[in-house]
Protein chains: 2
Amino acid sequence: MLSNQRLFVFAGGESGGWRVARMAAIAGTPLEAVPRIEILGAGQVSNRPVGCRWMLHGVASNERYVTRPEKVDLSARQPALGRPDAERAALIAIRKSERWWALAQDERREIFEERSRHVRIGMKHLPAVARRLHHCRDLATAEPFDFLTWFEYPAAHAAAFDDLVAELRATEEWRYVEREVDLRLQRE
Amino acid sequence: MLSNQRLFVFAGGESGGWRVARMAAIAGTPLEAVPRIEILGAGQVSNRPVGCRWMLHGVASNERYVTRPEKVDLSARQPALGRPDAERAALIAIRKSERWWALAQDERREIFEERSRHVRIGMKHLPAVARRLHHCRDLATAEPFDFLTWFEYPAAHAAAFDDLVAELRATEEWRYVEREVDLRLQRE
């Protein structure tokens, strides 16, 4: 069967162009420690890399919360992935609680932005941080996470990136996060 | 790999408890005509039924547009699937355009409800019509549709159900529908 063209796989193991510098379970069960991450696009996902210990699948999709003015602002400021000077990366995998998913759309938006300022916090780190969000909750297979977010930034922005995730983790939105694994990586 | 517990498969072919009474392509390419539909739940999806001509996969998920008051109202009034007197069914498969998916969340909500009254139109048919919406756009495989909606209703509501779909098809939201196949079924 043909792959969704927006599908990406993060394969943790012995191969790949990103070396894992540190890995931490922020909430819930850790992921098995691996030395490297390989990112596979839609055409490559059937090739399980040699020495692979786990594969996380996610699909890039339409935004679920941002308004038109936020979308315009983000589009104008967010850089593309793959910049040569963005040699640091983070993979942050998150699972939210059933309580979150049982909320109505307006309640989730209210918590996400009006009360937690998720977009506004992220915006302070543009254009330093490039980002791609992948959705996993509605895949046909039972996945361990709801979201995989991949970030790339220059080494000079590493401390600021720590501030970004700390600020998000202190929000009301994060009370609904029941599992979170944070991997930091270096391009090789 | 374990299935998502919210995954359902609609298998068109020679077997299954629902007989196809009529099938129409409302927009775009038709689906191959089949005499029956079998609905498979998460634990059964690897069993391809004998004589199966096509399989459509979808995942039931959180609502994307409804507000808390709408959700409360719907929950109070919508019946469960599988009522013995609901012997008619419809499977309506839809694909929306790239233009729809490029809209921001607030723009899609505005078209969906404030201008097209999708929820309010559906509400007029409660509790006669039971419904389950399945999402296909973010599966790992390339799917022919974005949504599969399954409806069950008593034979006495069949003409009213025709009015429901006609009213929805006349809305602004439907200008973003680029493929739609409509199957009507009878329980046997």
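Predicted model: local features only at pLDDT ≥ 70, side-chain atom pairs only at ≥ 80, totals over all residues.
On the chain B side, 31 residues are in contact with 31 residues of chain A.

Here's a quick tally of what the rules find across the interface:

| Kind of pairing between chain B and chain A | Count |
|---|---|
| Salt bridges | six salt bridges |
| Polar contacts (both residues at pLDDT 80 or more) | 29 residue pairs |

One of the salt bridges links Asp138(B) to Arg64(A), and their closest N and O atoms sit 2.6 Å apart. As for helices, α1 (68-77) and α3 (105-115) of chain B each give at least two residues to the side that touches chain A. The largest share comes from α3(B), with four residues. Sorted by class, that side of chain B has 14 nonpolar, ten charged and seven polar residues.

So how do the two copies relate? Take chain B, turn it by 180° with a shift of 0.0 Å along the axis, and it can be laid on chain A with an RMSD of 0.0 Å. That's the relation of a two-fold axis. Within chain B, Leu139(B) has the C-alpha nearest the axis, 2.4 Å from it. Both copies use the same surface, too: 100% of the contact residues of chain B recur in chain A.

Terms used: Residues numbered from 1 in each chain as written. Chains lettered and ligands numbered in written order. Heavy atoms only, no water. Contact = heavy atoms within 4.5 Å. Salt bridge = Lys/Arg side-chain N within 4 Å of Asp/Glu carboxyl O. Polar contact = N/O pair within 3.5 Å; in protein donor to acceptor, adjacent residues only side chain to side chain. Nonpolar A, V, L, I, M, F, W, Y, C, P; charged D, E, K, R; others polar. Least-squares fit on C-alpha atoms with pLDDT ≥ 70 in both.
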